[in-house]
Every structure is written in C-alpha cells, then in structure tokens.
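Q: I'm new to this one and would like to go through the aromatic side chains. Can you show me the structure before we start?

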Amino acid sequence: MKTFLLLKEIYIDAFRDLGSWIVENYFRAFAWFSFMMLAVVFYAFVFRVVTGFAFE
C-alpha cells in the first residue's frame, strides 16, 4: 500500500502542471476545428441555395 501511495504522489507531482496545459490546448484545437466545420456547413448551405437546390 505504501508503494502505491508513493507512486500516486509521484504521478500527481509530475503531471500537475502538464494537465492544465494539455486541456487548454485541446479545447483551443477543438474550438478551431468546430469553427472550421461550421464554416463548411454554412458554405454547403449557401452553395445549395445559390444553385437552386429544392429542399423537399
């Protein structure tokens, strides 16, 4: 049990600051990806409206 607690403490100390950096950059990348996908959807919709696609 003592070994487990020591490993847990080492793990927490090693990744304490790294975790927030990874999460922050992940959400930044996810936000940009979401905006790009939204732009693609908007472009496709405008393209269909301009070319006279029948929405039925």
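Q: Which helix do Tyr26 and Phe30 lie in, and how many residues apart are they?
A: In this predicted model, Tyr26 and Phe30 both belong to helix α1, which covers residues 2-50, and they are 4 residues apart, or about one turn of the helix.

Q: OK, and what kind of aromatic pair do Tyr26 and Phe30 form?
A: Tyr26 and Phe30 form a stacked pair, with 6.2 Å from centre to centre and an angle of 15° between the planes. Tyr26 and Phe30 also belong to one aromatic cluster together with Phe27.

Q: How many aromatic pairs does the structure hold?
A: The structure holds 4 aromatic pairs, and one of them, Tyr26 with Phe30, is the stacked pair described above. Trp32 and Phe35 form an edge-to-face pair, at 6.5 Å centre to centre and with 85° between the planes.

Q: Are Trp32 and Phe35 buried or exposed?
A: Trp32 is exposed, with a relative accessible area of 58%, and Phe35 is exposed as well, at 53%.

Q: Switching topic, what sits over the ring of Phe53?
A: That is the charged end of Arg48, which lies 4.6 Å from the centre of the Phe53 ring.

Terms used. Residues are numbered from 1 along each chain as its sequence is written. This is a predicted model: local features need pLDDT of at least 70, side-chain atom pairs count only at pLDDT 80 or more; totals for chains, interfaces and linings use all residues. Side-chain values use heavy atoms; hydrogens and water are left out. Rings of Phe, Tyr and Trp (its six-membered ring) pair if their centres lie within 6.5 Å; planes under 30 degrees apart count as stacked, over 60 as edge-to-face and the rest as tilted. Helices (H or I, at least four residues) and strands (E, at least two) are DSSP runs, numbered from the N terminus. Buried means under 20% relative accessible area, exposed over 50%, partly exposed in between (1.4 Å probe, protein chains only). A charge sits over a ring if NZ of Lys or CZ of Arg is within 6 Å of the ring centre and within 35 degrees of the ring normal.
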